[in-house]
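Please keep the structure in view while reading.

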Amino acid sequence: MNHPRLIRRHYLARSLILLGLALFIAHLARSGALHYYIGPRMEPLIRFCPIPLAVMAVCLAYQALFQPSSALCDCERPLSVSRWKNGTVYGLFLLPLLLGTLLPDQALGSSAAAKKGMSLTSPLLASERLEELFRAPDPYNVEFAELAKRLYPQAVVEVKPEIFSETIGAIELFAEEFRGKKVKLSGFVYQEPGRQDGQGNAGELILGRFLVLCCTADSAPFGLVVTSDQPLEGLAKDTWLEVEGVIEPQIRQGKAIITVKAELIREIPRPQTPYVYPSEDSVKAWENLSEAEPAK
């Protein structure tokens with residue numbers, strides 16, 4: 001059985017940590033920076049987290065400050081009296097809170113992509129492309145095939161942020177069918193460290209995006225190689241570009257990838273929401289976006 005004074009100290013420390021987490025999440029929600037850390041499906045749930053966290057913090061603080069000693073207990077598990085052990089355990093919660101408070105809120109970029117490894121194929125593509133035009137090889141690729149049928153007739157295939165990964169996946173699945181089609185997309189500049197592929201690095205770069213499933217911890221950087229007759233090495237990393245060009249599937253190091261031969265490159269501001277997310281129904285999302293376009 002622990003001494004009531006020790007229990008009060010633990011309760012008070014936990015109360016302060018919970019209160020700090022509640023205030024930090026509330027700050028992210030109010031400042032509009034929450035999307036830097038979690039996906040949109042999780043955002044509505046996380047926005048309300050400060051309420052239960054604050055309630056728990058108040059309850060613990062009340063027990064620490066006003067609860068009679070006779071009513072305090074350590075819940076059948078003795079609390080540690082080691083300052084080093086307690087500091088380590090509570091530090092695991094305080095460290096991310098301190099980093100989140102002290103460091104600026106910013107989107108993932110080239111540094112994170114370099115650590116995770118930039119993929120040149122869509123992370124959502126399920127299997128190999130088919131020989132038959134727009135026929136899915138298996139049930140997992142039906143959505144890609146249906147989306148490809150809607151993208152192909154377009155004069156310019158616009159890779160919309162709302163269905164970014166699915167659009168790239170559809171193009172990859174039917175790469176030869178999309179060869180020579182005009183495409184328009186945006187992303188951040190990523191220059192792969194130490195890249196030595198003999199393809200004329202001065203005239204190419206990777207246009208990257210981060211696919212976020214639930215939060216930035218599970219994000220997957222991927223992108224397309226953009227080639228140009230003009231040197232591109234002067235573009236700073238993490239610069240946001242909008243590129244219009246022609247789809248050119250290539251084989252590099254024995255792997256099929258999609259490249260874009262740029263016809264127009266212009267610098268744009270970083271989007272308010274720089275990440276892309278999986279769509280529950282990319283075909284329906286494409287139709288909704290297409291219907292909304294004339295109203296813009």
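Predicted model: local features only at pLDDT ≥ 70, side-chain atom pairs only at ≥ 80, totals over all residues.

The lining of the largest pocket is made up of 14 nonpolar, 7 polar and 5 charged residues.

**The largest pocket**
- The space in the largest pocket comes to about 670 Å³.
- Of the 26 residues in the lining, those closest to the centre of the pocket are Gln106, Ala107, Leu108, Ala112 and Tyr275.
- Two elements, helix H4 (83-102) and helix H5 (110-116), are the ones that give two or more residues to the lining, and H5 supplies the largest share, namely 5 residues.

**The chain as a whole**
- The protein chain contains 9 helices and 6 strands, and 43% of its 296 residues count as buried.
- Among contacts with a separation of 6 or more in the protein chain, 73% are between residues 24 or more positions apart.

**Helix H6 and its packing**
- In helix H6, which spans residues 142-151, the buried residues are Phe144, Ala145, Leu147, Ala148 and Leu151.
- When H6 is viewed down its axis, these buried residues fall within an arc of 165°, and therefore they line one face of the helix.
- The partners against which the buried residues of H6 pack are strand S1 (156-158), helix H7 (164-173), helix H8 (175-178) and helix H9 (282-292).

**Two loop residues with positive phi**
- As background for this topic, most residues other than glycine have a negative phi.
- Asp238, a residue other than glycine, has a positive phi near 75°, and it is located in the loop between strand S4 (220-227) and strand S5 (240-252).
- Asp238 counts as partly exposed because its relative accessibility is 32%, a value that falls between the limits of 20% for buried and 50% for exposed.
- Gln253 is likewise not a glycine and has a positive phi, here of about 55°; this residue lies in the loop between S5 and strand S6 (255-267).
- With a relative accessibility of 77%, Gln253 counts as exposed, since the class of exposed residues takes in values over 50%.

Conventions
Residues numbered from 1 in each chain as written. Heavy atoms only, no water. Helix = DSSP H or I, 4+ residues; strand = E, 2+ residues; numbered from the N terminus. Buried < 20%, exposed > 50% of the residue type's maximum accessible area, 1.4 Å probe, protein only. Contact = heavy atoms within 4.5 Å. 1 Å grid on protein atoms, 1.4 Å probe; cavity = no way out; pocket = protein on both sides within 12 Å on 5 of 7 lines; lining within 4 Å. Points joined across faces, edges and corners; volume = space filled by probe spheres on them. Nonpolar A, V, L, I, M, F, W, Y, C, P; charged D, E, K, R; others polar. Arc of directions from axis to C-beta.
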